[in-house]
Amino acid sequence: MARAITQIEKEKTNPVEEQSQALTQVLQAVGNSSQALIILLDILNELHQAGILEILQGMLKNRQQVGAIAMSQLNQPTVHHLLKNGMSILQFLGNLEPEKVEKIIHVITHGIERSSQLENEKPLSFWDLTKMLRSPEVSLSIHMIFNFLRGMGEELNRDHPVHDEGK
Amino acid sequence: MDKEQTFSIQINHHLVSVKAGQTILEVAKLQDIYIPRICYHPNLRPLETCDTCLVEVNGQLKRACTTKCQPEMMIQTKSEPVKIAQQEAMSRILKNHELYCTVCDNNNGNCEVHNTAEYLQIEHQKYEFTPKPYPPDNSHPFYRYEPDQCILCGRCVEACQDLQVNETLTIDWNREHPRVIWDDDVPIDQSSCVSCGHCVSVCPCNALMEKSMLGKAGYLTGIPSNILEPMIDITKEVEPGYKEIFAISEMEAAMRQSRIKRTKTVCTYCGVGCSFEIWSKDREILKVEPQVEAPVNGISTCVKGKWGWDFVNSSDRLSKPLIRKGEKFVEATWEEALEVISRKLKEISQTFGPDSIGYVASSKCSNEENYLFQKFARAVMNTNNVDNCSRYCQTPASTGLMRTVGIGADSGTIRDIARADLVLVVGANPAESHPVLATRIKRAHKLHGQKLVVVDLRLNELAERADLYLHPKPGTDLIWLNAISKYLFDQGLEDKKFLKDRVNGVEEYKQSLEKYTLEYAAEKTGITQEELVKLATMIHEAQRVCILWAMGVTQHLGGTDTSTAISNLLLVTGNYGRPGTGAYPLRGHNNVQGASDFGTMPAWFPGYEPVQDAKVRARYEQAWGVTLPEKPGLNNHQMVEAIFNGKLKAMYLFGEDMAIVDSNSNYVQAAFEKLDFFVVQDIFFTKTAQFADVVLPAAPSLEKEGTFTNTEKRIQRFYQVFEPFGESKPDWVIIQELANRMGADWSYSHPSEIMAEAASLAPIFAGISYERLEGWNSQIWPVSKDGQETPILYTERFAFPDGKARLVPVEWTAPFESGEEFDLHLNNGRLLEHFHEGNMTYRSAGITHKVPNPWLEVSPQLAQERGIKDGALVRLTSPYGKVKVRVLVTDNVKGKELYLTMNSFKDMEAVNRLTSSYHDRITHTPNYKEIGVKMEVLEPEGESPLPRANYRFGNRQPQLGVQVEEKWKRPDWIPIPEMINKENSRNGQSDYTD
């Protein structure tokens with residue numbers, strides 16, 4: 001005879017035993033990574049001495065408020081500009097072709113070198129100037145500068161792309 | 001079959017061969033050419049709302065999703081005009097959708113909006129995003145709708161209208177700001193939404209989201225809104241271009257992959273066999289994500305499969321073995337529990353013989369576990385006393401089919417049901433009990449002109465939609481079935497060639513029909529002669545007929561005979577062995593087919609080979625190295641009887657709440673009290689477990705590997721999502737550990753080894769293997785050694801030695817009469833939201849919110865006669881017991897017929913307190929559906945047992961699809977080709993012709 005029963009006696013969990021089991025697991029893990037842990041403890045100690053741990057602790061404990069303050073500070077026009085400019089500069093650098101940049105850097109370096117030899121030269125007469133303009137090297141440099149100006153001008157004149165229409 | 005016409009077209013200057021009727025998008029997909037397509041979904045009809053699939057066809061912009069290929073077509077998918085058009089389409093979408101991908105829970109690598117915007121290299125918002133003037137709808141317990149993120153693609157509407165065919169969602173295109181609305185614009189929770197999840201699963205962005213995902217899926221998505229909103233503002237202000245945003249969100253999506261685990265599983269509820277991915281994080285289920293690849297359901301699910309998994313992590317789960325000590329159970333170690341069980345079983349077996357112990361298997365557990373359990377009973381415990389719960393439901397159907405066509409299972413697949421010209425549903429309520437299968441019927445009926453006939457006591461959902469609904473008197477189905485067969489013969493409308501070539505016993509059968517005239521049938525069934533002739537004509541006129549049935553047929557005194565009559569009718573009309581035809585007994589549990597297939601039946605080895613066959617026995621004896629018992633064992637019903645007459649002393653039962661689900665539960669529970677020793681293995685402390693001496697904690701499907709077999713005989717693998725809860729263990733592990741204690745020497749390390757053994761022994765499973773079932777693959781038995789499956793049975797032969805089917809004469813058995821004082825007929829069964837008695841589904845707060853109680857359906861006539869209203873409390877009394885339940889007045893039921901839902905495990909509400917121990921004379925399946933009761937009114941009105949938040953109070957809005965034409969009529973809509981042309985001519989660069 002076995003009547004339907006519903007009472008269940010749960011095995012009482014022994015907190016002392018559970019804790020000691022957990023500790024054994026932790027100790028095992030510590031033993032397996034002792035070298036790394038010793039270094040980590042050293043770093044922790046330095047961070048503590050420097051007061052950084054307390055700062056982190058404070059920030060984490062109050063992360064909601066700190067986060068909200070930080071976000072409202074960040075959500076300002078100046079910060080928008082900073083981020084935007086930062087990204088524009090990165091984009092600008094990204095758009096330059098390294099070979100060309102390298103060449104221009106060479107050209108400028110060489111130009112700087114030549115310009116540093118200026119001390120020994122006599123003052124420049126109008127005749128010297130025309131002579132210089134005729135020299136292929138100077139002519140080439142001036143060409144380059146004018147081409148640069150032309151490129152800028154072209155971009156200033158350029159129509160806006162198609163997909164901006166129809167707004 | 002029509003010979004398919006093929007021709008060639010050019011895509012991006014490459015010659016491609018295509019079949020007539022294919023769309024450009026389909027062909028491009030086959031060629032691995034990517035065309036954006038946000039509103040297109042392979043399980044849905046094309047919607048034409050997003051325009052991102054515009055391509056150049058002979059120089060003109062056309063939608064790839066609907067444009068059919070024509071010979072000589074020249075298609076460009078990457079030209080400049082295409083790019084401009086697609087970008088315009090995308091820009092229009094982004095006007096409705098704020099991109100904050102990194103902090104969006106839908107950023108999991110599969111967001112269509114994200115991926116398409118990225119592919120189209122959208123850099124900036126062309127049209128400014130403006131929020132819509134509607135708040136998010138968070139009213140539903142499981143999902144939310146956020147209008148601000150909704151791109152109005154209409155996938156959800158199409159899925160609801162034409163795939164699930166629940167017809168709740170529409171888009172109101174005529175408002176200034178269109179949005180998706182539920183019913184006639186009510187909160188989601190108050191609508192006709194059945195919580196199937198289709199809309200959420202097909203949403204290409206985060207507008208419709210599972211609430212379980214919100215704030216959980218991403219690394220940053222849990223950020224509180226006072227920090228999150230300024231973050232989104234900064235991103236928008238700075239707007240570095242979407243390229244950079246996408247780069248970051250992709251990184252974040254990649255990081256999510258390691259912490260969100262995606263595991264394929266097979267649903268553990270009904271017999272349809274839906275498969276899907278479970279997305280989990282630690283022990284938490286983030287969502288159920290169905291996939292197009294799923295062979296049965298694609299992206300379809302129902303409320304239980306999509307949301308009903310909370311039971312796995314319920315704190316009520318059994319976590320340790322329990323041993324009865326005096327008046328209480330005490331937690332024990334596995335060692336102690338198994339020791340007690342093996343000692344007691346040995347003692348009892350030695351004292352009273354092996355047949356003094358009964359073994360009840362589970363249709364919730366895997367094929368491998370059922371195989372192992374019958375092996376345990378037969379090989380280790382030396383008895384055939386092993387059965388499973390199909391005894392309660394479908395054994396009569398199987399037996400009817402074995403008699404007539406040879407195999408006791410569905411003769412085709414769900415795809416065949418969908419392509420039939422006529423579907424006849426008898427005594428079944430698929431829209432609630434097999435929801436995803438029902439969607440296929442509703443879709444075929446709504447879109448493809450399939451005819452639908454329902455014969456049922458209740459005006460269920462399919463009955464409401466049917467072309468013809470017939471209401472017979474309870475328990476008279478055999479009569480009208482036979483009458484229709486007779487009418488067809490009388491009119492010479494039988495399939496003469498089919499009968500001559502493929503069927504035996506025609507003449508004898510014809511003669512047996514003599515008394516089933518239309519007059520007789522009309523008198524006995526209450527169906528008019530005109531209706532009968534109409535049905536017969538419909539069956540005759542349809543080229544392909546499928547008949548579906550379930551408990552309304554089987555749970556009667558004559559259940560097997562009625563099932564036989566159904567099969568006879570299919571034979572008479574030649575509806576076997578062809579696509580779109582056949583017999584479909586709808587299996588109730590996820591693995592009720594597999595449990596029987598793999599041998600937990602008293603007379604059959606795995607694969608339906610008789611235990612009495614010496615040759616078969618020899619095969620198993622050799623493989624298992626034991627001598628096996630020859631005599632068929634006791635079935636469930638006989639086991640209960642044997643307890644009463646003292647022959648059965650002990651039972652070992654797993655995964656079955658027999659104390660509630662067996663009929664006449666007072667009687668069954670009294671039997672359990674008499675057992676000397678009772679082992680119950682389950683995931684919960686069930687009613688049955690309360691009678692046990694030892695209770696073992698088992699692990700459900702998400703915590704183990706295995707296979708399930710669905711109603712189509714399709715075997716599918718499921719994979720492990722979690723570790724077993726507490727100290728619980730998978731059933732196959734428990735059975736093996738116990739077997740080894742009892743002297744077996746088993747060493748299965750994985751269920752695949754068990755399947756390999758079953759495949760090596762049972763010829764119908766010869767070619768089944770875990771490798772062939774990998775991932776989304778499936779196999780439909782019989783499977784030959786080379787892996788060839790059999791989706792449609794009997795294409796050449798029936799499963800008898802001479803290959804011919806048999807017409808088997810059957811006579812009507814009048815249903816059981818409870819006596820004159822029991823003046824009301826009580827019908828009963830499942831409902832959509834809860835599975836069976838609700839052991840698992842009540843653990844979901846959301847489901848319980850939708851359906852907190854069982855209820856009793858009472859017809860308006862009867863309610864008026866007895867002076868009761870919704871919420872009335874009544875006591876029902878049958879000769880076997882009584883229950884107390886609240887009333888719902890509904891015209892689902894007629895006259896003196898009642899319907900009690902079975903979603904309760906409380907003694908005072910459980911329907912099986914009322915049912916009797918009478919049963920089908922052949923299979924011993926209880927006659928659950930034949931019970932008379934009397935009704936006493938305790939309170940004439942009260943609180944309705946069903947809350948307003950239930951879909952049954954909703955107000956469906958049927959329409960075809962999303963009605964994109966309404967969108968095109970809006971004054972602010974300009975076709976994209978037209979707009980581009982205008983712009984081009986304004987710019988004086990009209991290099992593009994219309």
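How far apart do the end C-alpha atoms of residues 260–316 of chain B lie? In this predicted model, where local features need pLDDT of at least 70, side-chain atom pairs count only at pLDDT 80 or more, and totals for chains, interfaces and linings use all residues, the answer is 26 Å. Residues are numbered from 1 along each chain as its sequence is written, chains are lettered from A and ligands numbered from 1 in the order in which they are written, and side-chain values use heavy atoms, with hydrogens and water left out.

The span 260–316 of chain B is 9% helix and 33% strand, with helices (H or I, at least four residues) and strands (E, at least two) taken as DSSP runs numbered from the N terminus. An unreviewed UniProt entry places the feature "domain: 4Fe-4S Mo/W bis-MGD-type" on these residues of chain B. UniProt positions follow the numbering used here, feature names are shortened, and annotations may be inferred rather than shown by experiment. Residues 81–121 of chain B carry the annotation "domain: 4Fe-4S His(Cys)3-ligated-type", also from an unreviewed UniProt entry. This span is 54% helix and 0% strand, and its end C-alpha atoms lie 15 Å apart.

Taken as a whole, chain B holds 34 helices and 38 strands. Its radius of gyration is 30 Å, in agreement with the value near 30 Å for a compact globule of 994 residues; the radius is taken over C-alpha atoms, and the globule rule is 2.2 Å times the number of residues to the power 0.38. Of its residues, 66% count as buried, that is, under 20% relative accessible area (1.4 Å probe, protein chains only), whereas exposed means over 50% and partly exposed lies in between. Among contacts (heavy atoms within 4.5 Å) in chain B with a separation of 6 or more, 75% join residues 24 or more positions apart.

The C-alpha atoms of chain A fill a box of roughly 125 × 55 × 35 Å along the principal axes.
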